[in-house]
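Subject: Structure for you to look at

Dear colleague,

I am passing on the structure we spoke about, and below it I have set out what was found. Please keep it open while you read.

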Amino acid sequence: MKRLNKKFNVLVTGLLTLILFSLALFWGRHLCQLVLTSAYFSGPARQDIMEVKVTKFIPEFDERLKGFPIKVRLGEGVFFNQYLNYIYDSYFHDFMVKNVRMDDLIALDSVMSKAVYYDRKTGRLVLARFQRDISDRAVKWSAKPIAFAGPKGVSSSDSSSLGRFGESPLISRLGSTQEVFFFDRNARRYYLVDFDHKTVKESSEFAKTDPYGYPLVVGFHRDWGVRMDSRSYAEIPEDLRKRLIEYYPGKDNNLVLDRSGTIGRFDLNTMSFVSHQAGSLGDAPSNSFAYTFVPYSMDNKYMGAAVMRLNRTLRWMDLRVFSEKGNLIKYEYRKLNPWIWEGGVTFSMINWFLENLHPPILDVATYFTADKISALEGQKSIFLLSESLLGQTSREMRDKYLWERIFVAFIIMSPSIVLICILIFQVNREAKFLGLLPESRRAWKYGILLFGLPAYITWRIVRPKEVMVTCKNCGKLRRPEFENCQHCKSLWHVPEITPPSWRVVESSEACDLPAEAMVKQA
Amino acid sequence: MWTLIKRELKDARVVILAMSILVALSAIAIMASVWHEYMTDYRPPVGIPMNLAMGWFSLILALITLGFNVMGGYQMRVDRKNKISTYLCTLHASRRKIYLSRICSGLLCVTFATLLLIVTTAVTFRLFPRLIDIDADYLWRMAAMLFCLSCTGYSLGLQTGWSNNKYLTSLGGAGLTILVMSMVMFKGIANESLILLAVISTLALIRAWYKYSESSL
């Protein structure tokens, strides 16, 4: 029972160490990434602006705008913020976006008096007037519903006959208090609610297998700084500037990004896709660290879109410009190399070393699951490091021979392997010294082989801590609770303590004793 | 058992008093932040107020978690220093009972703090109603996170508290608690975080029990 208890104690300590150690490692790696990306993107990458003349979209103005090319550029230092946002996404997203803004409030007009929101109880969109009354220093807010919208129509009074939309609709970021375009995840239909004309348009139902029946973004998406260069934009003649609008796909269109990375153009008049290939990210969004797609319009007419993507390894970014018909008219890429920054190599090495301190069994699990974890999840993962060098290699070498893959994986894990060998040697020596049974020593060896440094820390915490005594036979330190010395197997020579036949007595006590007793004692 | 729990609470009265002040101040801060936003902000009161959302996490949650960590550490340290368990074991109280009563006293305080903050939040939203109903599930999650983090802080305090080294007790416990709290920063208040916190908390309690039960009194 005691032995079982001890095993359980080791298991508990090991698990706790593994979790806490993995957390500490996460922050170590995260710090390296932060230094690397911030130094690189505010330094060498600052000059690395991709200039693409968006004016190519607009042939009729091409001549006039020749002197004022509009440049799409990577914003300076934006990447650093983006990286922070991604890491702390859950924190900010949960509090500021998901519940505070997006889910509740769909649209708010410019003076903040009218708003459209999704009512969770009824499942309908509500257009309401918000009012702030101040009387006797007291402020009172009130919301007065103006119209209610359900799949069956729009009405000034709420009624169950309007039907209900599914929870968490995917709302277009281009929504207004007059018109809201969204995708209902439950019904797998796109809806356009027009509060001005009191109409609701719906698309046909999309099949589960249809990529647009499971879209990711409706409208546009902006992760980081792909946008018109403000200086070049300011130089455009004012009359043209007013007509060329960024982030707006024209009056009758909306863009939809599916989970494979394809952008479709949706016609709001016919409520169907005009084009399933209005643009493309070039890869699945889940495989990208950050991406942006921005539509452009001229005189309310869709002109095309610019799409920028940073891959999940943070080493490659590309920009694609698509025409109105979805033809790729410009493609540019940059290889990002943080090593050119003078501290880049040092921090990359530290990062790699920290990755190698991770438990080997989790490294192996990472190797086989790296392509199944999304870029965002991978960045925030504590146990499976899909964004580590090993994870990247696993994805990149998917098509290579098995022996090649294993060889490269071994090279990447070489510091880890060396460390494990040292730790096994150390623990074996200590365990022998402490007199652990061969099966216990073997268990510890396997433990370290599988869990690496956390297992060694566990060993240091739970190993026997009895005070040792010198063996009379071999002179080495031995455990006092063992019958035999763990080194020479000699028996425990315990001196037999026999009480002496004499004893010291007080003088007063001696007087009381009879004479025979005194003689006997002597 | 109840006598032992009462004794634990009485022994840790200094920390409990400090924690009560902290929780009361947090409750006032919650009310004040929502009231301030309601009265002064020109934007309509929709969703969970940002002050409240940020306040819960960046200040209240961190302080309360650290506070419970200190409480756990304090209970164990005072026991070891004043040989309380040694004395209690002579009065027909087993170590198991002493440890269980300690956990119960801690859980009682954690539950009380969580409940007080939930009630405060509910009252605040009744006094200053939002224009659109708040997702109640979300508030429950926040409360669950507060409870789980406080429990984790407390159990890590118990674990590091049973030590002769007072620096290890205070700095080690606080360091581990901050490390665990930091996880919420990137994992959010998702189920994954709650499960991981519950696991850490349980493991720390078991580990603390082993340390406590195996050492000589």
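L449(A) lies in helix α13 of chain A, where helices are DSSP runs of H or I with at least four residues, numbered from the N terminus. This is a predicted model, in which local features need pLDDT of at least 70 and side-chain atom pairs count only at pLDDT 80 or more, while totals for chains, interfaces and linings use all residues. Residues are numbered from 1 along each chain as its sequence is written, chains are lettered from A in the order in which they are written, and side-chain values use heavy atoms, without hydrogens and water.

L449(A) has a relative accessible area of 44%, and it therefore counts as partly exposed, a class between buried (under 20%) and exposed (over 50%), with a 1.4 Å probe and protein chains only. Together with I361(A), Y446(A), L450(A) and F451(A), L449(A) forms a nonpolar patch on the surface, with about 440 Å² of accessible area in total. Such a patch joins nonpolar side chains (Val, Leu, Ile, Met, Phe, Trp, Tyr) within 5 Å, from residues with over 30% relative accessible area and no salt bridge, and accessible areas come from the Shrake-Rupley method with a 1.4 Å probe. Helix α13, residues 438-451 of chain A, gives the most to this patch, with four residues.

Turning to the two chains, the contact (heavy atoms within 4.5 Å) takes 45 residues from chain A and 42 residues from chain B. Across this interface the rule finds zero salt bridges, a salt bridge being a side-chain nitrogen of Lys or Arg within 4 Å of a carboxyl oxygen of Asp or Glu.

Best wishes

Conventions: Patches are made of residues with over 30% relative accessible area and no salt bridge: like charges are joined within 9 Å, nonpolar side chains (Val, Leu, Ile, Met, Phe, Trp, Tyr) within 5 Å. Helices (H or I, at least four residues) and strands (E, at least two) are DSSP runs, numbered from the N terminus.
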